[in-house]
Amino acid sequence: MVFHNFDELIAKVKGNPSRKIMAVACANDDHTLEAVVHARREGIVEPILVGEKAIITEILAKLEEEIPEENIIDVPADDLQKACETAVKLVSSGKADFLMKGKVDTKIILKEVVNKEYGLGQGRLMSHFTMFEVPSYHKLILPVDGGMVTYPDLQQKKEIIQNTVDTLVAMGYDCPKVGVLACVEKVNPKMPESVDAAELQAMNERGEITNCIVEGPIQYDCVMRKDLADFKGLESRIAGDPDVLVAPNIHAGNIMGKMYAISCGAKMAGFIVGAKCPIVMVSRGSSAEEKYLSIVVSAAAVK
């Protein structure tokens, strides 16, 4: 199974027999609640909202939505740490299935996520999972990691790939196709990205990276266009049909994602993987639609 667009993914999640419970940290935010209400009305999630109750209630009234009082936990808007701690504990105690960041800096909520007493870490690398619906491409595409791991070494790239693949498999994918990007197709010792890419492909062939096909090093044009790969004489099982594009560092991943969104008119969803549950963590300035789609994708990935 693959998803060609977000509508297909939404239909799958709406078809689930039960709603997922989502804890929202610092929920006193218009765009966050607009997205949450949208997902609730679609039958995708039942939210537990943590934040200043008076503000949350006022925003919900504007949205003409009623949330049960027991699902709103009152924490002053200026006590960001307490709101994040409360939301994280809801998940770690089993009262919620996954977590969403509202109006709070990422570093504040991540501090609670990695808390050794009650946090959501599981002893593995956490990475950023981003999905894009690009008008010129025939299915959803995932450039990783453009939001969390800055300069990944070989082991971290391996974990980024496995995090991403495990999440896709949980969503219903069979065998995701992964391209490890570089500006060459042959290993060049002076280009460490190409060396890492070849080793990641070898790890996949040895069964150290599972449930996917990994190829690298491979250039962006060849991985996205089979005719170009053929013209260059590149033998590839994924050319023209990748699901995941592994960037050499956070800058390349971030630029690639923003080019899709800004220049190509792509829709985007993103969250953190590698923790005990998906963590919806998009920019505070993200649109309600982007936050809604991130909720949908996260709900689809809950195991």
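1. Let's start with β4 and strand β11, which covers residues 279–280. In this predicted model, the two strands run parallel and are joined by 2 bridges.

2. Now look at how β4 pairs with strand β1 (residues 20–25). These two also run parallel, with 4 bridges between them. Methionine 100 turns up here again, as the β4 bridge partner of valine 24.

3. What about the side chains of β4, residues 98–101: are they buried or exposed? In a regular strand, side chains alternate between the two faces of the sheet. Here, Phe98 and Met100 sit on one side, while Leu99 and Lys101 sit on the other, and all of them are buried. In other words, both faces of β4 are covered.

4. Next, a loop worth a visit: the one between β5 (127–133) and β6 (142–144), where you'll find lysine 139. Lysine 139 has a relative accessible area of 3%, so it counts as buried, the cut-off being under 20%.

5. Which residues does lysine 139 touch, leaving aside those up to four places away in sequence? They are Val2, Phe3, His4, Phe132, Asp241, Pro242 and Asp243.

6. The lysine 139 side chain reaches the backbone oxygen of aspartate 241 at 3.0 Å. With aspartate 243, the link is side chain to side chain: a polar contact of 2.8 Å.

Note on methods. Residues are numbered from 1 along each chain as its sequence is written. This is a predicted model: local features need pLDDT of at least 70, side-chain atom pairs count only at pLDDT 80 or more; totals for chains, interfaces and linings use all residues. Side-chain values use heavy atoms; hydrogens and water are left out. Buried means under 20% relative accessible area, exposed over 50%, partly exposed in between (1.4 Å probe, protein chains only). Two strands pair if DSSP finds at least two bridges between them. A polar contact is a pair of N or O atoms within 3.5 Å; within protein, one must be able to donate a hydrogen and the other to accept it, and residues adjacent in sequence count only if both atoms are side-chain atoms. Contact means heavy atoms within 4.5 Å.
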